[in-house]
Amino acid sequence: MNMYCSSICLFIPWIFLEKPKMDLTEDSWGINPWILCLNALCTFALNVSVVLVISHTSAVTIRVAGVVKDWVVVLVSTLIFTDVKLTVINIVGYGIG
């Protein structure tokens, strides 16, 4: 039920914010079907691995791994995108999150 409520709540802003930017032709989106399929396969593999980790350990393990992953993503993104600087407010926000 919660999924349907979220979908409905997100559908209304999508109509006004995203839909006008989208053309009716698929070619204008610039989506490569191979990349899309590879992304779907990786997402499926991630979900299977999460189920296997939770079934062999506990949900706490996956939560801790998720937090560490977030820290690594922030660190790597700051190294890749060097024009964006981390401020004290950013670091405090990442710590709270």
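How many salt bridges does the count come to by the rule used here? The count comes to one salt bridge, where the rule asks for a side-chain nitrogen of Lys or Arg within 4 Å of a carboxyl oxygen of Asp or Glu. Before I go on, please keep in mind that this is a predicted model, in which local features need pLDDT of at least 70 and side-chain atom pairs count only at pLDDT 80 or more, while totals for chains, interfaces and linings use all residues. Residues are numbered from 1 along each chain as its sequence is written, and side-chain values use heavy atoms, with hydrogens and water left out.

The salt bridge joins the side chains of D70 and K69, at 3.5 Å from N to O. D70 counts as partly exposed because its relative accessibility is 42%, given that buried means under 20% relative accessible area, exposed over 50%, and partly exposed in between, with a 1.4 Å probe and protein chains only.

Turning to the fold, the protein has four helices and zero strands, where helices are DSSP runs of H or I with at least four residues and strands are runs of E with at least two, numbered from the N terminus. Of the 97 residues of the protein, 0% count as buried.

Now to one helix pair. Helix 2, residues 33-56, packs with helix 3, residues 59-80, at an angle of about 130°, and their axes are 7 Å apart. The axes are lines fitted to C-alpha atoms over the stretch in contact, and angles run from 0 to 180 degrees between N-to-C directions. V50, V53 and I54 of helix 2 make the contact with A59, T61 and I62 of helix 3, contact meaning heavy atoms within 4.5 Å.

Finally, V53, which lies in helix 2, touches S58, T61 and I62, leaving aside residues up to four places away in sequence. At 31% relative accessibility, V53 counts as partly exposed.
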